[in-house]
Amino acid sequence: MDLFGRHQEQAVLDRALAGARTGQGTALVLWGDPGIGKTALLDYAVDAAGPEFTVLTCRGTRLESKLAFAALHQLLWPVADRIDTLPPPQARALRGALGFSGDTADRFLIGAAVLTLMSELAEERPVLVVADDGQWLDEPTAQCLSFVARRVQAEPVALLVTAHTDPTLGNWERVPSLEIRGLDDADGHLLAASATPGADEALIQRTVHAAGGNPLALQELPGTLAEADTSAFSPLSEQVPVGPRLRRAFRARIEPLAPETRTVLLLTAAEDRGDGPTLHRAGGILGVDALAWEQALDSGLLTAHGDRIRFRHSLIGAAVYEEAPFCDRRAAHRALAEAGTGDEADELRAWHLAAAAEQADEDVARLLERSAERAWGRGGCAIAARALRKAAALSPASGDAVRRLARGAEAAWEAGQVGTARGLLHSAEQMSSESAVAELSGGLRGVIEFARGDQEHAHRFLMQDMELLPDPGRALVLGCLAVRAGWSAGRPELQAAALCRLGELARHSRFLDADLLPVLRTWWTVGSSGIPDSAPAPATLTDDILARLSSSPWRLIPPTPLGVAWGLEQPLADALRAKTDELRHTDAVGLLALALAQTATLDIVQGRWAEATANATEGLRVAEEIGADHLASQCRNCLAWLAAMRGDERTATQAAAHALEDSIPRGVRALSAAAHWYLGMSALFAGRAEDALDRLLRLTEPGHDAAHPTFAVLAALDTIEAALRAGQPEAAEPQARLLRNWAEHTSAPWARSAAHLARALLTPGPDAEQWFRRALEVPGAASRPFSFARTRLLYGEWLRRSRRRTDARVQLAEAAETFRRLGATPLLDRALSEQELTGQQLHRSRPGHESGESILTPQELRVARLAAEGLTNREIAAQLLISPRTVGHHLSNVFPKLGIVSRADLARVDFDGGLRLTG
């Protein structure tokens, strides 16, 4: 295909196709003004791909943008017979999305299914995916294709999308883009002359000046300019924007046509999909004869391919529709509503009738509502929200309008459209009362605020709304969230109020055993000093309680920082790992992100840092995909914690700063406190004790954004060490008391060990040694390797300063070995320096080098673990939301990094012990 002035753009597309031929996938969004030549470039790519590629195409339309997965159905129709070869959960999800079955599924499972399908098609030959007019793709299809676009790098796939506007926001924000600009005057001159043979030079010059480099304008304007007053287009006159000029040009082409021919054009513009049989039936209803169809096709404004009748360019359809009188548009939509057949037509009929409605119409509103429910069941939550909003606007009765707005808000929330959800709730509240809307939406406003807004506001809404809901199960969920909101806000009194209300609900609910409340109250209710008023024995909290809570709402299980403070990391880890394995086989991607974020914290304290990195990285990716800012910040905080202990200050600072940016405006003190703790830890390990102390003291500073009793307890030992190194021992005493009191009330092994260590650091002279020894001898203290090794380091430093070099070497060597295995560079360097000060000659090696821990990326580690468990590439891909080919790519990197040659060798890798081979 010959294009004027598009050599650079063609070269980009040629590289994308060449990459797909060699297994290096590319996704690219071509964007620019209407008529700028994006579709022509897509046509070039399709021609250049030729029969060597499997080519799948779709096109967004204004009408079908209201139908869930309409464009995806068009894209995959040629390969629909391959869907049944996918892994069963993916096949079910994709069949449901395309309307082949009644199955429902999470949009990410649908995206994973399409990715797997593309990967398997690419096993036979490269795949070219082309989506034109991306701005009009239905939202579920756009989300699905953007999911695929971010994962095709290791696939023989080229995915090209066009759009009118800069894709830096929205579905395509993380997909590479190329702006298509206008042609220069020389190329514009050539195109205009080619499009208008025989035109004189003056007309071509006026066209080039008026078109502003827009290829469509260069082809359409000459006829208009030839008939116009040439003085209006003087080279000295100011250039008018292309849009009005093009519309004027198209209007000039339309006006001379017979009324029946203009009716054909209006039907085609209103139908938008180009479905020939439907258009002909609608034309018959309006009395359009065959001659009118023939004249419309001869006008050059329409193109016909098989049963498809479309405008040569979408701007023509827009001009036709906008220029038509409203009464004509109403008649066209009513005819199209009557002419449609099939299930899809039922959904379109609702939208055609809505477009034709002059006033409120309950019948049409009811049709839209049914359409919304069908779309929602297929995963089209965004489409459902749009339909319900329109249904509300057409509802004669305010009660029906409020109900539909509340339901639409729920759909928008599930689609991740938080602003839309809030707006719909607000509109409903303007027509009714907050209490009525809360009941209709199931307390959605509090749920939204908890996940994305201010925690104190969330608590207030949740407490109010749980009183209004007739469903005790739903009320219990809101109560659980209210408890967590109080904890997240660092407000113990809010926790206590929610627990009190939960106790009242438990007496009348089958969803929660009433005798769990005393334990939960102890578990959650933390006073301002960080000490619970009373505490059962830890064993009571670990076995029976966790087992029984597993059948209750998951929100009753404490957030992992609180569980870590209680010393419950092992039972919590067991429960969460089992939950994570279960969630990987479902479509509950949001819950999977939550489980991964929580599990990463437990992995860190248990010394499984490679696994923690993998979990936090995967959780962050999933949380960003679904727009879960709160979960994303939890994952970033975990990565900041790991970076602080590894001595990577830059990563720690960036991750923590991002979390603070998200948490402070929303009053999520749990996240703010965690970020300050990790920043203080990073400064402490880097030798900046004063900076560290300044950060860490904020955790106990009343009213500060980072003040939080749970994190104050967890960070107390760091605060003590920072205070002593900064020469401010008076700041260490309150922290030591905090640790002692917590240890006495909870009997948590880590807290008892940390309290003994704090006393050792604050005790002068030889009496300190007994406290160092007690810290090391606490049963269970060694289950937290980093903390235990740190105790050995501090004890070794004390021994070395006491001139007991031989004893010091034992403690320092043990500490160094753990730090080396974990990759804790700052404390390893301290331990090695202390060993050298005892007179030892050491060969320093970098952390993680011997074990191989640092050489696998988080995703490679995740793939290797699953492969070691015997899962196939397809099974691994289904769990990790990647393609089987990408799994193979990761394994091809893992084998040489670990020094193994086959999948069977993975069974001999000790992943928990630093990726060493065993046996």
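## An enclosed helix

In α42, 14 of the 17 residues are buried, so this helix is largely enclosed by the rest of the structure. Buried means under 20% relative accessible area, exposed over 50% and partly exposed in between, with a 1.4 Å probe and protein chains only. Helices (H or I, at least four residues) and strands (E, at least two) are DSSP runs numbered from the N terminus. The model is predicted: local features need pLDDT of at least 70, side-chain atom pairs count only at pLDDT 80 or more, and totals for chains, interfaces and linings use all residues. Residues are numbered from 1 along each chain as its sequence is written, and side-chain values use heavy atoms, leaving out hydrogens and water.

**Helices**

- From its first C-alpha to its last, α42 reaches 24 Å, close to the 24 Å expected at 1.5 Å a residue. The expected span is 1.5 Å times one less than the number of residues.
- Helix α22 (residues 444-452) is mostly covered, with seven of its nine residues buried.
- The buried residues of α22 are L444, R445, G446, V447, I448, E449 and F450.
- Their cover includes α19 (398-414), α20 (418-431), α21 (434-441), α23 (455-466) and α24 (472-488).

**Nonpolar cores**

- The largest nonpolar core has 158 residues, and L72, L76, L94, W677 and F819 touch the most other members. Such a core is a set of buried Ala, Val, Leu, Ile, Met, Phe, Trp, Tyr and Cys residues joined through side-chain atoms within 4.5 Å.
- Another core, of 54 residues, lies apart from it; A354, A409, A428 and I448 are among its members.
- W677 touches W641, L696, L699, F711, L714, A715 and D718, leaving aside residues up to four places away in sequence. Contact means heavy atoms within 4.5 Å.

**Cavities**

- There are five cavities of 30 Å³ or more. On a 1 Å grid over the protein atoms alone, a cavity is a set of points where a 1.4 Å probe fits but cannot get out; a pocket is an open set with protein on both sides within 12 Å along at least five of seven lines; lining residues have an atom within 4 Å of a point.
- The largest cavity has a volume of about 400 Å³. Grid points are joined across faces, edges and corners, and a volume is the space filled by probe spheres set on the points.
- Of its 23 lining residues, L714, W750, R784, S787 and R790 are the closest to the centre of the largest cavity.
- α42 gives the most to this lining, with five residues.
- By class, the lining of the largest cavity has 17 nonpolar, three polar and three charged residues. Ala, Val, Leu, Ile, Met, Phe, Trp, Tyr, Cys and Pro count as nonpolar, Asp, Glu, Lys and Arg as charged, and the others, Gly among them, as polar.
- The second largest cavity holds about 90 Å³. Its lining includes R59, R62, D272 and R310.
- β7 supplies the largest share of that lining, three residues.

**Second largest pocket**

- About 1200 Å³ of space lies in this pocket.
- It is lined by 37 residues, of which T39, A40, D43, D132 and R312 are the closest to its centre.
- α2 gives the most to the lining of the second largest pocket, six residues.
- That lining has 15 nonpolar, 12 polar and 10 charged residues.
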